[in-house]
Amino acid sequence: MNGASVLDIDRPAIRRRTLARSLRGTLKGGEYTWAVAFVVPYIAVFLAFVVYPVVYGLWMGSEASLYRELFADPIYQSTVVNTVLYLALGVNVKMFLALLLSGFFMRPGRWMKALLLIFVLPWAVPQISTFISIHWMLNGEWGFLNNVLYGLFHIEGPYWLNDRWSALGAVIVAHIWKWTPFWTLILLAGRMAIPLEIRDTAKVDGATGLSGFVHITFPLLANLYLICTLLSTIFLLGDFNAVTFVSGGGPANQGHVLATIGIRNAFDLAQPRLGVAAVMSALPMVIPLVIVLMRKLRTAEVQL
Amino acid sequence: MTYLTRRSVLRGSLALAAARPFAAPHVAKAAATTASAWFAQGFVQDEDVALRKAVADYEKASGNKIELSIIPFAPHRQKVISAITSGVVPDLTQSNPNEILQLYAWQDKWVDVSDVVETQKAQFSETALQAAQAYNSVTKTRGVYGVPLRAAVVPCHIWRPLVEKAGFKIEDIPKTWDAYFDFFKKVQDNLRKQGERKVYGLGFQVTANGVDPYNLFMAFLLAYGGQNIVTKDGKLHLDDPKVKEAAIKATAYLGGAYRDGYVPPSAINWNDADDNNAFHAKLMVMDVDGTLSTEVAVKEKHPDWYFKEMVTHGIGYPTDNAGKPVPAIVGVTQMMIPKGAKNVAVAKEFLKYFVQPKVVGEFIELGLGRWLPVMPSLAKSPFWQDPKDPHLRGYVQMGLLGPTVPDYYVFNLAMAEVRNQHVFSMAMIDVAKEGVKPEAAVDKAFKRIEEIFSKYKKA
């Protein structure tokens, strides 16, 4: 027995009409055509520059054998450890410093504005030239740092970039130096958005200094701080410049992070798919971060 | 019924003229006389000037157009790899580094250029002809996919004033391998006694960056008798006791020199340009580095350095410890045509023009002789035999007229990956920095080499 009722016969057509109606919304006649005409370029750009590269990347890194080869590479494990350390220290130390410095730059006075201008210089200057300068500064034989140590104290300085941990440390410090001003400015803007009434009321209630920071400022900044931390983590995961130009991924390929090992595999080994696989191996870390970030951005609408 | 009028004829003619670009092969005709060519930028400007001249001469002679792109060294390689991966390729590209010929021949990505090579076959050196060939794992045959253009070997570069300051003369340098390099340790010791705090005897690239460390290691491997690590049939011979002994000796000498303080400590992080810069800064007495880039880079600015102070040992390149000549490993720069190139005919025609002895000879000489020719007849030119030039005769003797072998990736592509993964570098560094015994470091390296070779098994 056919169980379909007479009402079901036209259901697909009804669905199509409902979909068309919902797409049209309140638009009528020519308005709908114009709306489509305006939207199509954006969709085309989105498909060409967002969907295609992502799908192509996923396709390039889709073979399981690539990951077997990647994990068999003797330097991959040290690369993962470096990446985790780079993220953990680079992001958190930088954000904590930015939080403190944003409080410092809230102080009134003209000289504070001048100081802020000088403070943002590392962020404003081109990063590749500054990272190369740091690399030269740390050169063991003729670098500025060791020459100063020898000139002032007759101390033969260490070969900063010859040891895996000091080289990684140099990269992390260079990153913090470069990007702390940027995040300080963001958090400074956040602090400035806290209404004066709240701060004044807190002062009346005795919440000044550290107490004011712990009970008033930080709770209001917490969401912004978390979002900045997540964003910074995502940015840093793809950072290629600091490692390449400060330590070169050395010594002996022990200082790479996933972004630089991806480039090495793609172009030094001429295996682009293996390079993509190296970067793809960070996805288990990136996807949860993006999900948390999206959720936080939604809640951030009503919080500072 | 309609009638033809003067106006309708004019209208029709205009419409036809307007539609012509869409219907007639105007673009195709233009494309048929144009080829795009990608070259890596030279180390000195003269190289690029020489290339532009050769291209302009061809355009004038043929009426064809070459869209020339001169790209910095590292981005050129990235661009070629990206192009071949994506399928949007130029009509012609230079090998950079050279093993890219063998690498993509394996994947059947190059056009066969045996007809181009055939035009000058009698002129090319045997080593250059070998290096132009590669195994194609798709067709399962060896073919000619490269047109040899120029070559390079790895000479020794020495600062005469530093040797003399240490109380020696250049003529005092011994001729056999170990004694030759040990000499520079003595030079360092003497310089240190005179208060030279930061001068090192040996510029060994004990690093895991670039192509220099592989070239250095291979020079030592051959000097210690490891020539048969890969034979012409592409077979790996790590089980050959001579090869293993040579690898252990090379690792021990190179790593040991670093460990004992005769190599600048920063060498462990050098890239291919850093040793040139360190040598120019007189951080070390001698450097073992490919091409004459070290010398030609300063020829114009510091002619005294070029003509008096820098010594390159080409003719004086050390023999092995038994006194036999050590063959120089030659890296041959090739020109290739990627499959999918739109203008193969023009690309081939340009190559046939470019590799004529007169044209390619002038191109190399205008580039100050940083690169070697690949045709022995060109070595006899007044440029290469100039008695006033302290470098060129020795260089061309070492890399073209003396005993040479092509780099080993020519015989088996896996050696390119051994080079790019810096397997020998890791062995040197293990000895230099981690205190690992050379035997253990070589065992580890050999294990990795076997893993890499297993990926490139021929059908």
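The questions below take up a sheet, a helix pair and a chain contact in this predicted model.

Reader: What makes β8(B) and β9(B) a pair?

Author: Pairing needs at least two bridges between the strands. Three bridges join β8(B) to β9 (residues 284–288) of chain B. Therefore they pair. The two strands run parallel. Gly203(B) stands opposite Asp287(B) in β9(B).

Reader: What is the strand order in the sheet of chain B?

Author: The order is β8-β9-β7-β10, an open sheet with mixed pairing.

Reader: Why are β8 and β10 of chain B said to stand at the edges?

Author: β8 (200–203) and β10 (310–313) each have a single partner strand, so one side of each lacks a neighbour in the sheet. On average, neighbouring strands are turned by 20° against each other, direction ignored.

Reader: Which helix lies across β8 and β9 of chain B?

Author: Helix α9 (residues 177–193) of chain B does, running at about 145° to β8(B).

Reader: How do α5 and α12 of chain A cross?

Author: The axes of α5 (residues 76–104) and α12 (residues 209–237) come within 10 Å and cross at roughly 140°. The crossing is right-handed. Among the contacting residues are Gly90(A) and Lys94(A) of α5(A), and Tyr225(A) and Cys228(A) of α12(A).

Reader: What classes of residue make that contact?

Author: Ten are nonpolar, five polar and one charged. Tyr225(A) and Cys228(A) belong to this contact and count as nonpolar, because Tyr and Cys are in that class.

Reader: How many residues does each chain give to the contact between A and B?

Author: Chain A gives 17 residues and chain B 23. On the chain A side, nine are nonpolar, six polar and two charged.

Conventions:
Residues are numbered from 1 along each chain as its sequence is written. Chains are lettered from A and ligands numbered from 1 in the order in which they are written. This is a predicted model: local features need pLDDT of at least 70, side-chain atom pairs count only at pLDDT 80 or more; totals for chains, interfaces and linings use all residues. Helices (H or I, at least four residues) and strands (E, at least two) are DSSP runs, numbered from the N terminus. Axes are lines fitted to C-alpha atoms, for helices over the stretch in contact, and angles run from 0 to 180 degrees between N-to-C directions. Two residues are in contact if their C-beta atoms, placed from the backbone, lie within 7 Å. A crossing is left-handed if the near helix is turned anticlockwise from the far one by less than a right angle, and right-handed if clockwise.
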